[in-house]
Amino acid sequence: MRTFIIVGHKATTSPSFSLEDIPGTSGRLDILCRAVTAAFVLSHGIRKDVCVYLILLGGQEPKTIRLCGETLRHLNPDERTTAALLKKALAVPATEEWAMSTSGIFVRAGGLERLLADLKDVSLIYLREDGEDVRGLEEGLPADAAYILGDHLGMTAEEERLIGQAGAKTVSLGATSLHADHCIVLLNWILDANLFTAER
């Protein structure tokens with residue numbers, strides 16, 4: 001399973017945002033919508049071997065939304081449709097356990113620290129411009145790793161501490177800052193083509 005984790009520092013945890021103005025009313029949930037599209041959408045289909053975790057921090061308590069490609073339905077390549085699916089998920093009461101909103105989409109309470117604890121047995125790769133260049137990795141990228149990306153605000157010092165404590169390797173796709181969704185497109189291409197991977 002190919003996993004992507006995207007942290008939305010201002011992304012709302014409430015379903016009350018407007019689908020007519022997603023960037024202006026949702027704490028830039030549009031950034032996460034684009035990341036979801038980049039992770040899953042193919043021409044005439046979606047990737048079944050991908051899981052995406054969206055960590056939403058723009059509320060009183062953090063929430064995490066999980067999207068699983070194997071059972072994901074109704075995902076189209078436009079931000080509005082994706083935002084509508086996330087809106088439905090945010091309307092579901094978030095507890096300590098995963099609750100399904102629509103097929104393949106689940107929500108629960110908690111943020112990055114809890115998710116990293118869940119993924120303690122998974123190889124973690126943190127994408128940052130000053131990390132080790134992906135082209136020079138001796139061991140390559142694991143095909144079944146969880147890739148951690150920030151939003152337009154980057155990661156806080158505390159988040160970087162948690163990521164480091166979890167044993168994540170910091171890797172770079174280049175010195176130029178890229179949008180999270182563009183990084184995901186590149187990672188999918190690298191992994192699809194078996195470039196710079198552990199199995200090459």
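Which residues are buried in α6? In this predicted model, they are Ala180, Asp181, Cys183, Ile184, Leu187, Asn188, Ile190 and Leu191.

## Helix α6

Helix α6 covers residues 180-193, a run of 14 residues. From first C-alpha to last, α6 reaches 20 Å, which is close to the 20 Å expected at 1.5 Å a residue.

Just after the helix comes Asn194, with a positive phi of about 60°.

## Helix α5

Helix α5 is formed by residues 157-165, and its buried residues are Glu159, Leu162 and Ile163. Viewed down the axis of α5, these buried residues fall within an arc of 100°, so they line one face of the helix. Ala157 and Gln165, on the other side of α5, are exposed.

The cover over the buried residues of α5 includes β1, β4, α4 (112-118), β8 and β9. After α5 comes Gly167, where phi is positive and near 90°.

## Aromatic pairs

A pair of aromatic rings is described by the distance of the centres and the angle of the planes. The structure holds two such pairs. In one of them, the rings of Phe4 and Tyr147 have centres 6.0 Å apart and planes at 35°, so the pair is tilted. Phe4 belongs to strand β1 (residues 2-12) and Tyr147 to strand β9 (residues 146-149); at 143 residues apart, the two link distant parts of the chain. Phe4 and Tyr147 are both buried.

Tyr53 and Trp98 also form a tilted pair, with 6.1 Å centre to centre and 45° between the planes. This pair, too, links distant parts of the chain, its members being 45 residues apart. Tyr53 lies in strand β4 (residues 50-58), while Trp98 lies in the loop between α3 (79-90) and β6 (99-102). Tyr53 has a relative accessibility of 10% and counts as buried. Trp98 has a relative accessible area of 24% and is partly exposed; the cut-off for buried is under 20%.

## Charges over rings

Where does the charged end of Arg66 sit? The charged end of Arg66 is placed over the ring of Phe106, at 4.5 Å from the ring centre. Lys87 is found over the face of Phe17, with 4.6 Å to the centre of that ring.

Technical notes:
Residues are numbered from 1 along each chain as its sequence is written. This is a predicted model: local features need pLDDT of at least 70, side-chain atom pairs count only at pLDDT 80 or more; totals for chains, interfaces and linings use all residues. Side-chain values use heavy atoms; hydrogens and water are left out. Rings of Phe, Tyr and Trp (its six-membered ring) pair if their centres lie within 6.5 Å; planes under 30 degrees apart count as stacked, over 60 as edge-to-face and the rest as tilted. Helices (H or I, at least four residues) and strands (E, at least two) are DSSP runs, numbered from the N terminus. Buried means under 20% relative accessible area, exposed over 50%, partly exposed in between (1.4 Å probe, protein chains only). A charge sits over a ring if NZ of Lys or CZ of Arg is within 6 Å of the ring centre and within 35 degrees of the ring normal. The expected span of a helix is 1.5 Å times one less than its number of residues. The arc is that of the directions from the helix axis to the C-beta atoms. Contact means heavy atoms within 4.5 Å.
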